[in-house]
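Hello,

Here is the structure I promised to pass on to you. My notes on what turned up in it follow below.

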Amino acid sequence: MGADAKTAMKVDMTEAAAKRIAKIVSGEAGKTALRVSVEGGGCSGFSYKFDLVDTRNDDDVAIEKDGATVLIDDLSLVYMGGSVIDFVDDLMGQSFQIRNPNAVASCGCGTSFSI
């Protein structure tokens, strides 16, 4: 895999997301990371799923920042390459949002997208 392909498969998280993930995980006994995966469904074709987990699978890619760990499996990474995971706290509420350059459309709630 060339350097461009590796860069395209990279996922990053903002400082705000890292702080929130670290806080959530520290409050859940036995949990060590936030797993982000892509599943079929949702109003735009694909949707993001967020789970607190205590184990890492062989095919997981780990993104670590400021004491937070996000795990993404190989298959989901294909759809999420180049994305940035953010945590937003605004008038609409608090939520994790994924800025995905592969998505050509997304829904208003920010958890569903199409490519």
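Let me begin with a surface residue: K19 counts as exposed, at 53% relative accessibility, because the cut-off for exposed is over 50%. Its salt-bridge partner is E15, with the closest N and O atoms 3.2 Å apart. E15 has a relative accessible area of 45%, so this residue is partly exposed. Both E15 and K19 belong to helix α2 and sit four residues apart, about one turn of the helix. Please keep in mind throughout that this is a predicted model.

Which residues of α2 are buried? They are A17, A18, I21 and V25. These four cover an arc of only 100° around the axis, so they lie on the same side of α2. On the face turned away from that buried side you will find the exposed residues K19, K23 and S26.

Stepping back to the whole chain, there are three helices and nine strands. Buried residues account for 36% of the 115 residues. Of the contacts between residues at least 6 apart in sequence, 51% join residues at least 24 apart. The chain exposes about 6600 Å², and carbon and sulfur atoms supply 51% of that area.

If you click on V36, look for its contacts beyond four places in sequence, including F50, V70, I72, M80, I85 and I98.

Back to charges: how many salt bridges does the structure hold? There are six. One of them joins the side chains of E39 and K49, at 3.7 Å from N to O. This pair links distant parts of the chain, with E39 in strand β2 and K49 in strand β3 (residues 46–53), ten residues apart. E39 is partly exposed at 36% relative accessible area, and K49 is also partly exposed, at 35%. Together with D51, E39 and K49 form a network of salt bridges. Another bridge runs between R56 and E64, with the closest N and O atoms 3.4 Å apart; E64 is exposed, with a relative accessible area of 55%.

Best wishes

Conventions
Residues are numbered from 1 along each chain as its sequence is written. This is a predicted model: local features need pLDDT of at least 70, side-chain atom pairs count only at pLDDT 80 or more; totals for chains, interfaces and linings use all residues. Side-chain values use heavy atoms; hydrogens and water are left out. Buried means under 20% relative accessible area, exposed over 50%, partly exposed in between (1.4 Å probe, protein chains only). Helices (H or I, at least four residues) and strands (E, at least two) are DSSP runs, numbered from the N terminus. The arc is that of the directions from the helix axis to the C-beta atoms. Contact means heavy atoms within 4.5 Å. Accessible areas come from the Shrake-Rupley method with a 1.4 Å probe; for residues, only the protein chains shown count as cover. A salt bridge is a side-chain nitrogen of Lys or Arg within 4 Å of a carboxyl oxygen of Asp or Glu.
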